[in-house]
Every structure is written in C-alpha cells, then in structure tokens.
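Here is a short note to read alongside the model. The points go from the overall picture to single residues.

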Amino acid sequence: FSDFEQKLKNIQVFAGLTTEEAARLGRTLLEMSSESVFSVSELQDSMIDLARAGIVGEDALKLLQAGMVGAMAAGENLDSTINVALQAIRAFGLSIEDSNRVIDILINAANISQASVADLGTALSYVGPIAASAGISLEDMSAAIAYLTNVGFDASMAGTYLRGVISDLLNPTKTAREEMKRLGISIYDSQGKLKSFPEILS
C-alpha cells in the first residue's frame, strides 16, 4: 500500500466506511488538497483524528472544510484549528453545523490578540465548561480571552482567571453580595436572565 492508500484504509476502519465510501472520500480529499495549501496526507490525518473523536461522514467533512478555510486565512495550524473548534462545539453545546461560525470566532479572536487558536483552546479548556453552564457565549469568552492575552496573561492564566471570575459571580460570598448590592451591580437582567459577559464586566 502507498501512504495514501494506507491512511485511507485507516479512515475506513475508524469511520466504519464501506470500500466504495472510502474510495469516494479519497477522491474528495485529493480534490480538497488541490484547492488548499494542505497535503492530502495532512487532510487524511485530520480525518483519522476526527473519526477517533466520533466525528465521521458529512460531519467530518464539514468540520475539515471549515478548518481548512480558517487555518489558511489566518496562517494557523490545521490540526489545532479543527481540534479547538471541536472542543468549543462540545463545550458550548453547539453542533457541527456551527463549524464555520465557531472557527470564525476563534480566528477573529486570535487575529485581534496575542493568542493563537491553540492558546484559545488551552484557555477554553479551563473556562469553557463553567462559561457554557452559566449561559455565557463562545463569542464573549473568546473576546475576554483575547483581551487578557493582550494585557499580559498567558492562555492557562487567562482561562484560570476567567473561571474564577465566573465562579465568584455565580456564587458570591456574603460580603461580595452585599458589596454588589451596595454598588447596584447585578449579573441578571430584568427578566432574570444572566447578562452577557461584557455587560457584567462593564
């Protein structure tokens, strides 16, 4: 087997494809590679990683395509872009259909900050779950991480700091609650819903 054929065989096994489906996928990946800066071997590696993560078929191709476009536009690593996007999709309860939007958010945050997409992934690994459970959007979290990296925080520090901030806001001490009341600070709007993160910080 050539390297191409061997990797295609691996994708077939991990993704549970028929021989015909694998052959069709191989042709698709060759075409995608010819229209990008990424080799077909790199695309196959990404498909193997996605299959191992349980993302197969059209979903895998959608995420791969979105990742390629985003990574090329920003000069980012393809694997990092796809992996962080999948991490964000899962953490914030989104779907593969949101791939383009998620990658746009990540690339935009990286472009306006000192953080790479991989750095955003590191920060989100700390703060993503609690942010999502608090109803804070990926857009708001990415913007907050971008801001913190621009003022000197590294990715893990930014994620840890934001996790602490959200935790303190959701579960303030008695002293903090009294101080927030005295200052007229509320994290909820008039309908009882959590305000957006920028609103809270302002």
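1. Helices (H or I, at least four residues) and strands (E, at least two) are DSSP runs, numbered from the N terminus. By that rule the protein has 11 helices and zero strands. Read along the sequence, the pattern is α-α-α-α-α-α-α-α-α-α-α.

2. The model is predicted: local features need pLDDT of at least 70, side-chain atom pairs count only at pLDDT 80 or more, and totals for chains, interfaces and linings use all residues. Residues are numbered from 1 along each chain as its sequence is written, and side-chain values use heavy atoms, with hydrogens and water left out.

3. The C-alpha trace of the protein spans about 70 × 30 × 25 Å along its principal axes. Of the 202 residues, 42% are buried. Here buried means under 20% relative accessible area, exposed means over 50%, and partly exposed lies in between (1.4 Å probe, protein chains only). Contact means heavy atoms within 4.5 Å. Among contacts between residues at least 6 apart in sequence, 61% join residues at least 24 apart.

4. Two packed helices are described by the angle between their axes and the distance between the axes. How do helix H8 and helix H9 pack? Helix H8 (residues 138-150) and helix H9 (residues 155-170) meet at an angle of about 125°, and their axes are 10 Å apart. That angle makes H8 oblique to H9. The axes are lines fitted to C-alpha atoms, for helices over the stretch in contact, and angles run from 0 to 180 degrees between N-to-C directions. Angles under 35 degrees count as roughly parallel, over 145 as roughly antiparallel, 65 to 115 as roughly perpendicular and the rest as oblique.

5. The crossing of H8 past H9 is right-handed. A crossing is left-handed if the near helix is turned anticlockwise from the far one by less than a right angle, and right-handed if clockwise. H8 supplies Met141, Ala144, Ile145 and Leu148 to the contact, while H9 supplies Ala158, Tyr161, Leu162 and Ile166. By class, the contact of H8 with H9 has eight nonpolar, no polar and no charged residues. Ala, Val, Leu, Ile, Met, Phe, Trp, Tyr, Cys and Pro count as nonpolar, Asp, Glu, Lys and Arg as charged, and the others, Gly among them, as polar.

6. A search of the whole structure finds one aromatic pair. The ring centres of Phe153 and Tyr161 are 5.4 Å apart and the planes are at 50°, so the pair is tilted. Rings of Phe, Tyr and Trp (its six-membered ring) pair if their centres lie within 6.5 Å; planes under 30 degrees apart count as stacked, over 60 as edge-to-face and the rest as tilted. Phe153 is partly exposed at 24% relative accessibility, and Tyr161 is partly exposed at 45%.

7. Leaving aside neighbours within four places in sequence, Ser142 is in contact with Ile105, Leu106, Ala109 and Leu120.

8. Ser99 lies in helix H6 (residues 99-111) and is buried at 2% relative accessibility. Its contacts, leaving aside neighbours within four places in sequence, are Lys62, Leu63, Ala66 and Ile89.

9. Thr28, in helix H2 (residues 19-34), is partly exposed at 28% relative accessibility. Thr28 and Leu61 are 33 residues apart along the chain, and their C-alpha atoms are separated by 9.2 Å.
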